[in-house]
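Colleague: Could you walk me through the pockets in this model? I would like to hear what stands behind each term.

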Amino acid sequence: MIQLLNYINGSLTEPLSKQYINNIEPATGQAYSHCPDSDERDVQLAYEAAKNAFESWSKTPLEERMLMLMRIADGIEKRMDEFVAAESKDNGKPLKLARAVDIPRAVSNFRFYASAIQHFASESHQMPGVGVNYTLRQPIGVVGCISPWNLPLYLFSWKIAPALATGNCVVAKPSEITPYTAYLLSQVCIAVGLPKGVLNIVHGLGSKVGQAIVEHDGIKAISFTGGTETGKRIAATAAPMFKKLSLELGGKNPTLVFADCDFEETVKQVVTASFSNQGEICLCGSRIFVEKSIYEKFREAFVTRVKTLKVGDPNDADSNLGAIVSEQHKNKILSYIQLAKEEGGKILCGGEELGADQRSDRVKNGYFISPTVIDGLSYTCQTNQEEIFGPVVTLTPFESEEEVLMMANSVKYGLSATIWTNDLKRAHRVAEKIEAGIVWINSWLVRDLRTPFGGVKASGVGREGGWEAMRFFTEPKNVFVKT
Ligand code: NAD
């Protein structure tokens, strides 16, 4: 068993409780590591370490901070194979996905914000004949970063990097379901000499460690990514304490396929946008609306392509989908498939756990679901309104632009959307009217780290990415000078 440890005040430490949670490899269903079951006492230690480090870190010259973040990026890159294997083992995602996306992107997050801090500027406003205002952008102090299990290091670093770059000290909590790469990150931070207390990683349950971070009076801002219900709870605690809050929450993203799209390319891309990472990416499209005139042709081509996807051992080079992250999540997804049937949906493919005959011996007890396509459901039914967060999509025909916009916007969420058409006027028009924070036209998941990232409605409050994150992690202070 691998024993993971907290990273507090520059050292790897046991939780004060000396208790650990079993960490399961979803592909095998076997426990392979012990994750600290920390509590509010460990959060307090992490807070004190961060508070003590703040005075010096916030005054560290920008170039030194930049170099430190670059060294962290290099440190991850040097241990790429180890990070890739850990992320895949912890989450169940195909090894090749962790290698192509998760870990390189975590490296980029550190490099991007290392560079950003060198270019971040604040404003000044001159009042002719009166004086000048200049705005300071000061670090907040100790901030909390809480992240989910689906893109573990990718989303963890997406918060930590801008928080550190802007001079804050951090108390961070990765998901207890996927803690491994955050532990490796703490080893990298020690190896590259990150000053003690600047970053503290406390492992454990959301209800203990997460809650303690959110409730702590000294932690002045919370950057959270996770489910909408958890976000609601966090907001209820943090808002009366007047904390700064960034909430990146759930989604139920629409995919709008118009008859004039590039048919073959659209089918191919929409399959990827539906089932990458087992459909466990907050940006995956799960409600596919197809213009009526091509509905049947699309359905056939789409289902044919989905049936070619290979589900299996994440270590196999030809697996397109790996394991679902946990048994509990697998059961939740299967219960939604059952609900879809009760609501009158027709299962066009998948709809069940991967059969024993399709599994290798190593993964016979793991959590695998075949990619599932359903049609025949109303856009208002529960299956089409609630987030499933797995390899399950629905197909729904539409007749007009107005109708598809109405259906796309009918959910409580508003994270992302994709539009597939060759009519650019229409693409812009629909993009403007769709209720989402991120819209891709004829593409999916193309990311430029400078752009705002986040959702509207129940998908969140605030934005990450680019200057948005730099602004979130700093307090503006206006200073007026009479001339
Ligand atoms: P979750 O809300 O259960 O957990 C997220 C994190 O919050 C974990 O670290 C968890 O331990 C912690 N947590 C749980 N209860 C807490 C509490 N009371 N106080 C503080 N922290 C607490 O979410 P999850 O199941 O890990 O992740 C899946 C969800 O995340 C999905 O809804 C998905 O859409 C969403 N997500 C959103 C984005 C985005 O950018 N909008 C990105 C990825 C995932």
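Colleague: Which residues lie nearest the centre of the largest pocket, and how many line it?

Modeller: Trp-149, Phe-224, Gly-226, Gly-227 and Thr-230 lie nearest the centre, among 41 lining residues. Bear in mind that this is a predicted model, where local features need pLDDT of at least 70, side-chain atom pairs count only at pLDDT 80 or more, and totals for chains, interfaces and linings use all residues. Numbering runs from 1 along each chain as its sequence is written, and side-chain values use heavy atoms, without hydrogens and water.

Colleague: What makes something a pocket, and what makes a residue part of its lining?

Modeller: On a 1 Å grid over the protein atoms alone, a pocket is an open set of points where a 1.4 Å probe fits, with protein on both sides within 12 Å along at least five of seven lines; a lining residue has an atom within 4 Å of a point. The largest pocket has a volume of about 1100 Å³, volume being the space filled by probe spheres set on the points, which are joined across faces, edges and corners.

Colleague: How do the lining residues of the largest pocket divide by class?

Modeller: There are 15 nonpolar, 17 polar and 9 charged residues.

Colleague: Which domains contribute to the lining of the second largest pocket?

Modeller: Domain 1 (2-249 + 459-482) and domain 2 (253-448) each give at least three residues; the bounds come from an automatic or database domain assignment.

Note on methods. Nonpolar A, V, L, I, M, F, W, Y, C, P; charged D, E, K, R; others polar.
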